[in-house]
Amino acid sequence: LTDIFISDNKFSGTVPDAFSNLPQLKNLFIGENIFTGIIPPELCDRGLNKDFFAQNKNSSDVRDACDFIACPVGSKSLQEGHHGVHPCKKCGFEEVNFYVGATNCYVSDERAILSEFYQATNGDAWSENVLSWLDKNISYCMWEGVECNSKNEIVEISLSSSNLFGTISSSLGFLPQLKKLDLSDNKIYGDIPPELQYLPLETFDISGNMLRDDVHPRLCQMVGVNGNGLNGKVSCDYIACPSGTHNPLGHMYDSRACLPCLSDSTRYIGSKTCSPPKGASEEQSDLLTTVILALFTFFVVGFIMHREGRRAIHKYKTTSEEEVNEGENWMSEHVDASPDDIDALDAFCKETDTDRWLDIPKSEAKKMPHFLESQDSRRFHIDITTDKSSNMLNKNTSTQLENGAEDAWIDMPRII
């Protein structure tokens with residue numbers, strides 16, 4: 001095994017020491033996951049990812065060879081793409097990052113975290129009972145649904161049935177004292193951010209939403225959440241019932257398990273009944289209608305454009321050989337011809353009874369492959385020049401088109 005590319009996934013835990021036991025390993029990219037801890041020192045000394053950094057002018061200033069594999073916790077990668085490698089930059093003031101190989105740092109200011117969550121869940125359309133959010137004249141501890149301790153640290157967010165529509169922002173996982181998070185009976189979709197594993201949660205309710213993805217394994221290990229692990233059993237069902245099952249609370253509690261539904265109507269995790277959440281069926285119907293209409297429109301428009309494109313006659317400036325020899329302007333007249341239909345060109349050539357050149361912009365000429373090759377006995381070729389006053393230059397069309405020529409003249413001898 002010489003190459004391991006697992007960037008931009010959801011792998012968690014620490015970077016396996018076993019990678020050090022791969023003697024032929026040359027490339028290891030693990031960024032943009034949720035790995036914590038450090039890169040095993042044995043890997044850092046192997047000189048991995050040399051090919052990637054061979055042309056990197058800044059690679060010589062790396063103080064920690066581990067940065068070639070992944071940027072450390074508390075920093076972010078400035079490298080283009082999702083590699084999570086050198087160059088690395090420490091997170092700024094009031095920013096945090098718990099993962100190696102990250103490309104972003106998260107805000108740690110609690111007001112900013114709430115503001116980000118507000119935007120992610122379409123806060124302007126929330127119910128009227130939560131209009132105080134983002135009010136700069138009052139403390140965020142006084143916003144509806146928010147409770148703080150004596151140190152003004154957020155300990156509870158309860159926004160059940162508040163018309164939230166959107167995703168759960170990852171930054172909520174950086175509220176160090178949050179013990180209760182109730183987002184039940186809204187229209188939240190996507191997945192549950194694995195960053196929530198860092199919260200000291202005791203109560204977590206996302207039931208009655210439109211979440212589809214399975215609960216991340218790291219969240220399933222959170223002891224104490226909704227009673228998880230208190231009876232010696234740790235299960236994802238304490239976080240949310242899996243799709244196809246239900247529970248009156250949307251998750252397992254005490255000895256009441258998530259029960260299977262007889263139909264496949266419960267596509268979401270955290271279902272309270274075997275029926276879709278309120279609003280979900282209408283939204284699914286609207287979405288399906290929108291998709292069908294969009295596809296129908298796409299095919300109709302595509303068919304019309306294709307048909308008309310084959311029939312369309314476009315105007316191109318032309319000149320004849322006689323006019324060129326007499327010093328006339330290259331664009332002395334116009335002629336109708338279709339670049340999408342060779343038959344139109346055949347007819348044009350027969351009608352003119354002479355050789356002519358069509359002056360076609362390079363951008364269009366590059367889209368007309370049928371002019372660049374023989375078609376039965378019909379031979380068309382493109383002569384390229386950027387000088388409107390000169391005679392035809394060479395016929396190396398592919399080279400000329402790529403080397404900045406602005407126009408292409410299509411030489412069309414009369415077809416017998």
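Student: Buried or exposed: how does cysteine 241 count?
Tutor: Cysteine 241 counts as buried, at 0% relative accessibility. Buried means under 20% relative accessible area, exposed over 50%, and partly exposed in between, with a 1.4 Å probe and protein chains only. This is a predicted model, in which local features need pLDDT of at least 70 and side-chain atom pairs count only at pLDDT 80 or more, while totals for chains, interfaces and linings use all residues. Residues are numbered from 1 along each chain as its sequence is written, and side-chain values use heavy atoms, with hydrogens and water left out.

Student: Which cysteine forms a disulfide with cysteine 241?
Tutor: The partner is cysteine 258, with the two sulfur atoms 2.0 Å apart. A disulfide here is a pair of cysteine sulfur atoms within 2.5 Å. Cysteine 241 sits in the loop between α4 and β16, and cysteine 258 in the loop between β16 and β17 (259-260), so the bond ties together parts 17 residues apart in sequence. Helices (H or I, at least four residues) and strands (E, at least two) are DSSP runs, numbered from the N terminus.

Student: And cysteine 258, what is its relative accessible area?
Tutor: The value for cysteine 258 is 12%, so that residue is buried.

Student: Which hand does the disulfide of cysteine 241 and cysteine 258 have?
Tutor: The disulfide is left-handed, because the torsion about its S-S bond is about -80°.

Student: How many disulfides does the structure hold?
Tutor: There are 7. One of them joins cysteine 220 and cysteine 236, whose sulfur atoms are 1.8 Å apart. That disulfide is right-handed, since the torsion about the S-S bond is about 105°. The pair links distant parts of the chain, 16 residues apart: cysteine 220 is in helix α4 (residues 217-220), and cysteine 236 is in the loop between α4 and β16 (245-246).

Student: Buried or exposed: what about cysteine 220?
Tutor: Cysteine 220 is buried, with a relative accessible area of 3%. Cysteine 236, at 30%, is partly exposed.

Student: Changing topic: in what order do the strands of the open sheet come?
Tutor: The order is β11-β13-β15, with 3 strands in parallel pairing. The edge strands, each pairing on one side only, are β11 (165-166) and β15 (210-211). Two strands pair if DSSP finds at least two bridges between them.

Student: How many bridges join β11 to β13?
Tutor: Strand β13 (residues 187-190) is joined to β11 by 2 bridges, and the two run parallel.

Student: Which residue in β13 is the bridge partner of glycine 166?
Tutor: That partner is isoleucine 188.
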